[in-house]
Amino acid sequence: MQFVTDSRLGGRPARTLRCSGGASPVVRAAAILGLLACLPLMAAAQDARWQFPEDGVEFDATFEGARLNGVERLGAFTYRLHVTPETSPINPSPWYGFEVRTRARQVLDLTMVFDGYRPRYTPWISRDAQAWDRVDLRAYRVDREADAARLLLRASQDAMRVSAQPPVLEADIQAWTSAVADRVPTRRVPVATSVRGRPIEAMLLGNTDARDVVLVLGRQHPPETTGMRALFAFVDALTADSPAARAFRERHLVVVVPLMNPDGVAAGHWRTNSAGTDLNRDWGPFAQPETRGVAEFLAQLMAPASRRMAFALDFHSTWYDIFYTVTEDPARRPGGVLNRWMAAMDARYPGRIEERPSAASSAVFKNWVFREYGAPSVTYEVGDTTEQASLHELATFAAESLMQELTPRQ
């Protein structure tokens with residue numbers, strides 16, 4: 001077993017899968033003062049590593065996607081872990097990721113605190129950074145009054161990773177991109193460069209001379225891995241070897257930008273890019289190279305007068321499945337493509353998806369692409385705890401039904 005249960009924590013076992021509001025300034029200040037007060041008890045960190053020789057315990061947050069900002073020893077095998085955001089104020093998505101090992105098999109009593117923000121993600125555990133198990137809920141408890149979470153973890157000499165969600169890192173996205181390219185002809189085009197110089201690519205699938213363009217965007221916000229997995233399933237359905245998918249690709253150009261924020265993903269950010277900017281609030285200002293580069297690429301792509309943005313989707317994660325749309329979009333009216341598409345999904349999955357329209361006034365992607373190109377646009381949100389099989393099934397059906405709605409009826 002990777003974790004231990006304790007009757008003091010209560011709870012129930014969790015299912016296994018393999019592969020909220022910010023604090024007030026007063027509360028945040030109190031958290032900072034508390035952290036300063038205990039600094040003498042913290043181990044010295046060397047490149048995000050913390051060693052406690054008296055217990056034979058080591059914490060490590062040097063790998064890609066990790067986030068751990070401080071470790072404080074409270075007593076024998078008892079620690080407080082400090083996780084802080086990259087900037088503040090910030091959307092409360094407290095991502096964490098770290099590795100722990102001990103000199104001998106031992107139960108560690110870990111309390112995680114998040115700079116005054118409430119815990120959002122139930123931990124996942126892995127021995128090999130490949131197969132992940134959701135922690136047994138009998139070994140995990142959230143203290144909402146203290147904005148903290150307690151985890152009892154059975155560690156050993158073998159490194160164990162703890163993560164807010166099963167990570168989806170740049171290498172995973174590249175492997176998926178290559179698998180798509182093995183199935184269908186694919187052009188991979190560099191379209192932007194991140195603040196720290198990482199390339200941002202677009203995948204061009206289908207008919208590059210087609211009039212109608214379908215745009216798929218992903219991973220503006222680093223922790224939102226269920227949305228990333230839904231994007232994989234959605235695009236896999238568009239690139240399937242089926243009569244419907246082949247006919248769709250003959251009539252459409254599909255543009256996929258799967259990783260908008262590579263810096264944030266690599267650094268284990270809660271929300272932003274390396275400049276501390278929420279990219280999904282920069283579609284219009286274009287102060288960041290990531291959004292600016294993609295917008296300039298799309299302007300060139302859509303320059304021919306005959307081109308039409310037929311549909312646009314931006315994949316994210318939140319507490320539950322919800323689709324954000326544009327209030328004034330005519331495609332939402334009876335008979336419109338967005339109206340028909342939502343109706344098809346509601347017929348298949350009654351009551352599962354909430355549609356929440358809003359005016360196209362803020363600088364989020366769905367609003368910008370509607371204002372700029374008149375495209376029916378959706379922020380496709382997947383629940384943090386939506387199971388892999390469930391999100392895959394819904395995303396596959398969403399793609400299949402969208403292909404049907406966008407294909408001219410005979």
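1. Let's start with leucine 108, which sits in strand β6 (residues 106–113); strands here are DSSP runs of E, at least two residues, numbered from the N terminus. This is a predicted model, where local features need pLDDT of at least 70, side-chain atom pairs count only at pLDDT 80 or more, and totals for chains, interfaces and linings use all residues. Residues are numbered from 1 along each chain as its sequence is written, and side-chain values use heavy atoms, with hydrogens and water left out.

2. Leucine 108 is buried because its relative accessible area is 0% (buried means under 20%, with a 1.4 Å probe and protein chains only). Not counting residues up to four places away in sequence, leucine 108 touches Val57, Phe77, Tyr79, Val100, Thr102, Leu151, Leu152, Leu153 and Ala155 (contact means heavy atoms within 4.5 Å). For tyrosine 79, 29 residues apart from leucine 108 along the chain, the C-alpha separation is 7.7 Å.

3. Valine 256 belongs to strand β15 (residues 252–257) and counts as buried, at 0% relative accessibility. Beyond its neighbours within four places in sequence, its contacts include Trp176, Met203, Leu205 and Val235. The C-alpha atoms of valine 256 and leucine 205 lie 8.1 Å apart, with the two residues 51 residues apart along the chain.

4. Do look at the second largest cavity too: among its lining residues are Trp95, Pro167, Arg219 and His269. (On a 1 Å grid over the protein atoms alone, a cavity is a set of points where a 1.4 Å probe fits but cannot get out; lining residues have an atom within 4 Å of a point.)

How values were computed:
1 Å grid on protein atoms, 1.4 Å probe; cavity = no way out; pocket = protein on both sides within 12 Å on 5 of 7 lines; lining within 4 Å. Helix = DSSP H or I, 4+ residues; strand = E, 2+ residues; numbered from the N terminus. Buried < 20%, exposed > 50% of the residue type's maximum accessible area, 1.4 Å probe, protein only.
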